Amino acid sequence: MGAVKKIRTVCRSCHGGCGVIAHVRDNKVIKVEGDPASPISQGTMCSKGLAITQLAYHPDRIRHPMKKTEKGWERISWDDALDTVVAKFKSVMDASGPESIVIGQGTGRDYESHLYRFANLLGTPNVLTAGHMCYVSRVGATLITCGNLPVADWHGHPRCIVMWGCNPQWTNPDEHKGVDFWSAYKKGAKLIVIDPRKGFLAKKADLWLQIRPGTDGALAMGFMNVIIEEDLYDKDFVNHYVHGWDAFVERAKEYPLEAVESITWIPKDLIRRAARMYAKTKPAILQWGVPTEQTINCTDCTRALVGLMAATGNLDAPGGNVFFVPPKVRSVSAFSRHKDLAPEQRKKQLGGDQYKLAARVALISPKAAWDAILTGKPYPLKAGLLCGTNPVVTRANAREAYAALKKLEFLAVMDFFMTPTADLADIFLPAGTWLEQNHIADNWKRHGYALAREKAVDIGECWQDHKIFMELGKRMGQEWFSTVETALDYLLEPSGLTWEEFKKVGYLKGEMAYHKYRQKGFSTPTGKVELLSTALEKWGHDPLPKYTEVPESPVSTPDLLDEFPYILNAGLRTPTFFHSANRMIPWLREIRPDPIVEIHPETAKKHGIAAGQWVTIASPRGRVKQRAKLNFGIDPRVVVAEHGWWFPEMKEEGHGWDISNINILTDNAPETLDPVMAATNLRVCLCNISPCEDQEEMNGWRN
Ligand code: SF4
């Protein structure tokens, strides 16, 4: 038995960034632990990261390329796999043009730079990501409002924290991790929590605002109404650095607190207290999560939140929401070669004419992709490469996603396991986990850091995603690098370091400066924070933020209430899973064995549902089953269900993708999407509940 070698690396079992020390013996990772020297995580790790060894060495993991044949999946060589993909792509391109190929990813493993480079050099504008309703949606909305994404400055000593649909102790954004929030909170910062559900943070909050799901945009405008009416805004800032302030003030007047109370179900006095606390306690951080983005109000809500940061003088101020300065490393955009996508190809982007903001951030909506496959309009998508994504579980209207992917002429996937989406593929390309990856972690560097993720081991024949894109690209005749590491040298070149040197340094940090707008303005056409957006104006949309009622709700579809009397908040997260990932990991399934639907005890009683029973949840689009947990901390009119469920233990094709998958119930009709970003309304629809008739069968199968 060899000696244990300790390798300093960086986790990517969620959006990533936690520093890790991997203990390696005889080319096997035997344990991981938090790295106390990490500037992001300071030695902490969550259950997902700690369970990586069970994922990486899982007996069901696919460790070599596979090809689907009439006899089922068969092992093939990398040469065979790559040649098959390339031959198919070339023939589709010859017959129908590169735009007939869709390249897709989920939340990603820090490979956006490589994925986009491959797509751009291929000539397809059709990149399908989760970004239309997750994170990139906030990047896009802040881009047109203040030029960049304002990130929480936890180390700037905030005295007030607004956690808006966000729980960093459970799930983390791309930037700083829960530990930084926790240390600011422990130092005495006031805490305002906006959440339909009384979770861990709501219990700790000075003020908890129990919001009707999907109405965050109205609440943000209500906050603004108080701040303007009570003269709590930063006049110097709005006079010098806000475009459209007077028009915005008029718009905020349309949200008096009586109206906002009626929309959001939050008592108006509580809204007033929260708005005052946020505006008067400086500096203040506003950290928001994806629930505000996964509705028709995605762009407007984010813009209203930026309005709050700007009006209170917390934008790019220490302890507020700031623009961190990245270290001197080449950007994802530079590596991606966006400029190499010919204008005539860019114009062919599916939905690009309609969803201008999505087009601006170079992605298409899933609905546009499914329509193109299923209807052939405006032109058919024929082939696809999907990387680390499971759209039949994670995208709205899952049955449509399933039907579309099944109809593709050719599909290749890059992943760790045979997922319900991979089941539909022709070629399986086995990807490496973050333990098997040399890369610059946190590639977007929005918290100001670039971190060295050093490969700890090789497992089977798996390749890190970057290498797969690179080798496919070279076979397509694209310009790439000789190795993963030479590409990293290129990315690092502005820093003066090579990959070998960077690994030893561990991380780079940009030199932070605050109030940068005082020297050079904001990166918008007017140089100001555009509360009246010149981009939206140019695209023919309302340039001011507003609240639009959720398309399916007690207000907009009262005729559905007899049959579907409850609001379904679909998307409850857990600390164990990252969207549809990790359901096969024993340690994590032991913590969370079943999909959970939370129901208020009074509501459950009305339907004869007891704690722990299986429940049928029905919406106008279908039915699924989850196990009941009773919770006094949710409104009796609301039901909260988990997303991302499939059952790897079911070995037949599909792995039970339609049993508990909450996206069977969600909608993706065009009228339900955000008008410029195409964000899907994943969070709010109407539903009904009833006890499952097959309790014994469900229990028996699970047991
Ligand atoms: S929070 Fe994310 S990056 Fe950190 S250990 Fe957990 S999964 Fe890994």
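Me: What makes a residue count as near a molecule?
Reply: A residue is near a molecule if one of its heavy atoms lies within 4 Å of it. This is a predicted model, where local features need pLDDT of at least 70, side-chain atom pairs need pLDDT 80 or more, and totals for chains, interfaces and linings use all residues. Numbering runs from 1 along each chain as its sequence is written, and side-chain values use heavy atoms, leaving out hydrogens and water.

Me: OK, so which residues are around the ligand?
Reply: You'll find Cys 11, Ser 13, Cys 14, Gly 16, Gly 17, Cys 18, Met 45, Cys 46, Lys 48, Gly 49 and Asn 172 there.

Me: How do I read a pair of aromatic rings?
Reply: Look at the distance of the centres and the angle of the planes. Rings of Phe, Tyr and Trp (its six-membered ring) pair if their centres lie within 6.5 Å; planes under 30 degrees apart are stacked, over 60 edge-to-face, and the rest tilted. The whole structure has 27 such pairs. One of them, Tyr 233 with Trp 245, is tilted, at 5.0 Å centre to centre and 50° between the planes.

Me: Are Tyr 233 and Trp 245 buried or exposed?
Reply: Buried means under 20% relative accessible area, exposed over 50%, partly exposed in between (1.4 Å probe, protein chains only). Tyr 233 is buried at 19%, and Trp 245 is buried at 9%.

Me: Which rings link into a cluster?
Reply: Ring pairs join Trp 154, Phe 181, Trp 182, Tyr 185 and Phe 200.

Me: And when does a charge sit over a ring?
Reply: When NZ of Lys or CZ of Arg is within 6 Å of the ring centre and within 35 degrees of the ring normal. Here the charged end of Arg 637 is over the ring of Trp 265, 3.6 Å from its centre, and Lys 28 lies over the face of Tyr 57 at 4.8 Å from the ring centre.
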